[in-house]
Amino acid sequence: MQLTVLSLFPDLIEQVIDASITGRARAAGLFRLKTIQIRDFAVNRYGKVDDACYGGGTGMLMMAEPVYQAWLAARAETPDQPVRTIFLSPRGQLFSQEKAQELAASTRPLVFLCGHYEGIDQRVLDEIVDEELSIGDYVLTGGELAACVVIDALLRLVPGVLPDEDAYTRESHMDGLLEYPQYTRPAVWHDRHVPDVLLSGHQAKIERWQASQAALETLRRRPDLARKRPLSEAEWADLLTIRREEQKQGEKP
Ligand SMILES: C[S@@+](CC[C@H](N)C(=O)[O-])C[C@H]1O[C@@H](n2cnc3c(N)ncnc32)[C@H](O)[C@@H]1O
């Protein structure tokens, strides 16, 4: 997988991606990341890459030509393959786990374009961008953090980046539900007990409990998600049985 990021602050990207799991995966050659400094393509020798907006308003806008030249350099990295160019933007489609899965499976090299200041001249966006992604309904100072979020989420779905597939297939959002609560040693902490079923060693029961907790957490925390991914009759039946058992054992209603 080839990822290229166009940015005025490429060090930010390098530092984030080189940390921890993604850093190890990069060192192991599981993906290639290239960052391109847009300022290297400035329109003058003083490094000018932005200018005032036509029509007035405060703030500066990134100019079309440096962005375009940086993109041509990104495209030259993989001359035989057309790139898929993603502009990080608060006006974009909301990023999701589904989109992360789609990007992780992409056969085209991915180019991420990060805006800064007021954003980027619309003409170059119209010319090079395939899609715009937003990481949420708020405004950041630049696209770098957003690019890191998208790259991190997609890289953990690339085979080999996490120790085994189970590590991500059984997580929140992978099948439309949130993850069930998890516990580690000790079995009792501050008088709080790990649910008995998890200590039972009975794998089928454990999995039934986990599935019903995932359904319950989703209904409680994110009814909007639960509406998109309605529970099956069997899931409702399991959930109700387990809740009845828990209530019999005096756990919180
Ligand atoms: C200050 S913002 C520009 C906001 C723009 N003037 C607007 O009102 O839509 C600068 C850059 O940060 C990035 N950015 C800001 N918020 C973002 C978000 N929610 N998701 C993705 N990128 C974002 C974009 O690359 C954007 O060009």
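**Note on the predicted model: strands E1 and E6 and their surroundings**

1. Strand E1 (residues 2-7) and strand E6 (residues 110-114) run parallel and are joined by four bridges. Within this pair, Leu6 has Leu113 of E6 as its bridge partner. Strands here are DSSP runs of E with at least two residues, helices are runs of H or I with at least four, and both are numbered from the N terminus; two strands pair if DSSP finds at least two bridges between them.

2. This is a predicted model, in which local features need pLDDT of at least 70 and side-chain atom pairs count only at pLDDT 80 or more, while totals for chains, interfaces and linings use all residues. Residues are numbered from 1 along each chain as its sequence is written, and side-chain values use heavy atoms, with hydrogens and water left out.

3. An open sheet of five strands has the order E2-E1-E6-E5-E7, with parallel pairing. Its edge strands, E2 (32-37) and E7 (131-134), each pair on one side only.

4. Helix H4 (residues 97-104) packs on the sheet and touches strands E5 (84-94), E6 and E7. Contact means heavy atoms within 4.5 Å. The direction of H4 makes about 175 degrees with that of E5, where axes are lines fitted to C-alpha atoms, for helices over the stretch in contact, and angles run from 0 to 180 degrees between N-to-C directions.

5. Ser89 lies in strand E5. Is this residue buried or exposed? Ser89 counts as buried because its relative accessibility is 8%, the cut-off being under 20% relative accessible area with a 1.4 Å probe and protein chains only. Ser89 touches Glu132, Leu133 and Ser134, leaving aside residues up to four places away in sequence.

Key. Buried < 20%, exposed > 50% of the residue type's maximum accessible area, 1.4 Å probe, protein only.
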